[in-house]
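Please have the sequence and the structure open while reading.

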Amino acid sequence: MFTTLWIIATIAIFVGLMYYRSSLLVTSLALVGLFAVGNLLGIVGPVLWTVLAVVLLPLNITAFRRGVLSKSILSVYRNIMPEISDTERDAIDAGTTWWEGDLFRGAPNWKKLHSIQKSELTAEEQAFLDGPVEEVCKMLDDWEATHELADMPEHVWQYLKDHKFFAMIIKKEYGGLEFSAYAQSRVLQKLAGVSTILASTVGVPNSLGPGELLQHYGTKAQKDYYLPRLAVGDEIPCFALTSPEAGSDAGSIPDSGVVCKGMWEGQEIVGIKLNFNKRYITLAPVATVIGLAFKLYDPEQLLGDKAELGITAALIPRDTKGLEIGRRHFPLNVPFQNGPLRGQDVFVPLDYIIGGKEMAGKGWRMLVECLSVGRAITLPSNSAGGVKSIALATGAYAYIRRQFKLPIGKMEGVEEPLARLAGDAYLMDAVTRFSTKAIDLGEKPSVISAIAKYHMTEKLRARMDDAMDIHGGKGICLGPNNYLGRGYQGVPVAITVEGANILTRNLMIYGQGAIRCHPYVLEEMLASADHTAAGLARFDKALFGHIGFAMSNFVRSMVLGFGGWHFSSTPFGDSTAKYYKQMNRFSANLALLSDVAMGVLGGSLKRKQRISARLGDMLSYLYLASATLKRFDEEGRQKDDLPLVHWALQDTLHKLQESQLALLDNFGGIGKALKVVMYPFGRIASRPSDKLDHKVAKLLLKPNASRERLGAGQFLSPEGAFGYLETTLRDIIKAEELFDRVRKAANQRMSFIFLDKVAAKGKELGVLNDEEVALLIRAEEGRLRTINVDDFAHEDLMAGKAARDYALANKPKKPKAAADAA
């Protein structure tokens, strides 16, 4: 009896110590105490004491553990782990970890999450959104820009320059706006709801570009000259990184610069001879100053004793001799300024290097740091803004458009995509708020930026498909009255740029996350490269910390898997509590699976991209769910928003679960064994139900507080397409009551069309006053504009040479007498 109780107590206490991650010393003392109790009860004898001593003494005698155990393991570790390349080391060192680190480590601190201060706009930032941003949204005709001009009109360009749209990141001391990352995101969301060209044109100079690089690394002379000019639009910047041979693998750029002597402004100087061929460079055709990335070589060792200096970034003025610039690419009928740059034997001074010659060879670190910031703002914000606007527009359209005598939005088949639009719009806005907060707190979130870029652009792609499905023919016929078509065409641009999404999911998210977020892996890697006694001591500490961490995660996964997740801690006791509990379990599983994958596969994990992708999915979905919970709390835990919260979290956590199960099912015997530990009773997360879809879809169909919060900050002026839809939606809702009144007075069946005729009938029957008649007429005009599509004369759709030839062939001929006189 006592023996059984002692064994149960020992196991329970050991499991508790592992679950709560007690130190080696505390765990050892607890075990010694338990054995002492067992000894008093006559349960523990010399044999068990000997076993305990054999286990604990080597671990607790530091000199022995370090000199024998750790030293032996270190030797093996160095043989199986690949060395970190310089570019990989720069990428790792450049980033920082934030909340994603807590999620990766298996025990999220929810109090920490909710203690992060909410992002707020300053009065100046809000005024900019309400003033210049609102105004430029009214100014731009997207059909004119995309179809007629293949560019924004000159007056729009000038307005952007005059109001410092390209200077949101530039400090006020140089004449810039110095906006927060959060404010930049809100600006881009609003612009993206109007035009992809507009959002891209404003986003790029405020993301990865000369302005950002100059502020962090430029010399005083470079800052004093360029930043004020960039701030007022006297200079238009671009940054040239991608080459035909180096796209996603930007570190392998073949473009070169060779340090040599040459003539410059009549004098012989030491400079750089550049040869480069760049493509896909946004703003290149109109840029006046080009940030150029290249590999710098110094064969004559004019700068030092190294012949290969590495990736370098320099500023090249547009008028530099030998620079080929001005031609354009044509990205999917969304013709923002984008084009190639070429140069052969272009000679420039050394002081063109950003930061001067002292920064020669340090460009990769510069680029990775700045890109980790810009990637978290521009494309995620553009995607979120696009989905917010099309969610509201599609909801309005689905109520205005009627088939089978009811709004199509009330059909179950349409409710499903409507729910996806609303749920993802809520989540995507939450993610951009949360991610930009990290930047405003001084983080350089390389992992978060990869998560946000990949998932927000993928959600944009999927939700744009949903909007097109619901709009049907309205969506596929291009013209001034189509507010979806150009955005639909341009979606693959977001998928492709700033790291192709296949690469981002399969390599970047987990590749960086596993090293940056794990509490011990990076330290083990760095310590293994140090062959001194200090290196061994560092490795020993990291190694045994890692072993304890892995044991803890196994125990946590087992306890939570066998039902303990129901009792895990949550910050709130309402209907969101179950999501925190599920995430506690999934976080522990992620931590355990990461250690198992790294332990079993070692350096070959780099090549196991499906495993890496699924581990990255788990981390990503935990992050997206966290951002959603954070938003709900920041907005005052609005009860009316709960359908959106539940939908977003159920969809996200179900996807997380399925990625994890796919990993386990494809990880051989180890996966099968871990599946028993993690899922002993089957799945725990379900996708949103039909009933929840119905509740969420209803929120999009009529004006309400949740719908207003969903579209907060978007351009909804009646002068814009989406604002017109909102006005028409309200008119149609009011018209329904008037329609019913007329139908009852006329005592006849009527279809909800020809509302102007219904108005006349109501006037005739004396059941409508003049104001109500006017409302029905206005509602009919709005209804027709909403459902109608554009049509064109044949010649209006022709472009380029065909249009010129057609015009020439159909030029009016002069009368014969006039021709003879001429």
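At what angle do helix H21 and helix H22 pack, and how far apart are their axes?

## Helices H21 and H22

The model is predicted. Helix H21 (residues 501-516) packs against helix H22 (residues 521-528) at about 75°, and their axes are 6 Å apart. Since angles of 65 to 115 degrees count as roughly perpendicular, H21 and H22 are therefore roughly perpendicular to each other.

H21 contributes Ala514, Ile515 and Arg516 to the contact, and H22 contributes Val521, Leu522 and Met525. Five residues of this contact are nonpolar, none is polar and one is charged.

## Residue Thr576

Thr576 sits in the loop that lies between helix H23 (533-561) and helix H24 (577-601). Its relative accessibility is 0%, so Thr576 counts as buried.

The Thr576 side chain makes a polar contact of 2.6 Å with the side chain of Asp574. Leaving aside residues up to four places away in sequence, Thr576 touches Leu629, Phe632, Arg637, Leu642 and Val645.

## Helices H30 and H31

Helix H30 (residues 721-746) and helix H31 (residues 755-765) have axes that come within 10 Å and cross at roughly 50°. That angle makes H30 oblique to H31. The crossing of H30 past H31 is left-handed.

On the H30 side, the contact is made by Ile732, Phe739, Val742, Ala745 and Ala746; on the H31 side, by Leu755, Val758, Lys761, Gly762 and Leu765. By class, the residues of this contact are eight nonpolar, one polar and one charged.

How values were computed
Residues are numbered from 1 along each chain as its sequence is written. This is a predicted model: local features need pLDDT of at least 70, side-chain atom pairs count only at pLDDT 80 or more; totals for chains, interfaces and linings use all residues. Side-chain values use heavy atoms; hydrogens and water are left out. Axes are lines fitted to C-alpha atoms, for helices over the stretch in contact, and angles run from 0 to 180 degrees between N-to-C directions. Helices (H or I, at least four residues) and strands (E, at least two) are DSSP runs, numbered from the N terminus. Angles under 35 degrees count as roughly parallel, over 145 as roughly antiparallel, 65 to 115 as roughly perpendicular and the rest as oblique. A crossing is left-handed if the near helix is turned anticlockwise from the far one by less than a right angle, and right-handed if clockwise. Contact means heavy atoms within 4.5 Å. Ala, Val, Leu, Ile, Met, Phe, Trp, Tyr, Cys and Pro count as nonpolar, Asp, Glu, Lys and Arg as charged, and the others, Gly among them, as polar. Buried means under 20% relative accessible area, exposed over 50%, partly exposed in between (1.4 Å probe, protein chains only). A polar contact is a pair of N or O atoms within 3.5 Å; within protein, one must be able to donate a hydrogen and the other to accept it, and residues adjacent in sequence count only if both atoms are side-chain atoms.
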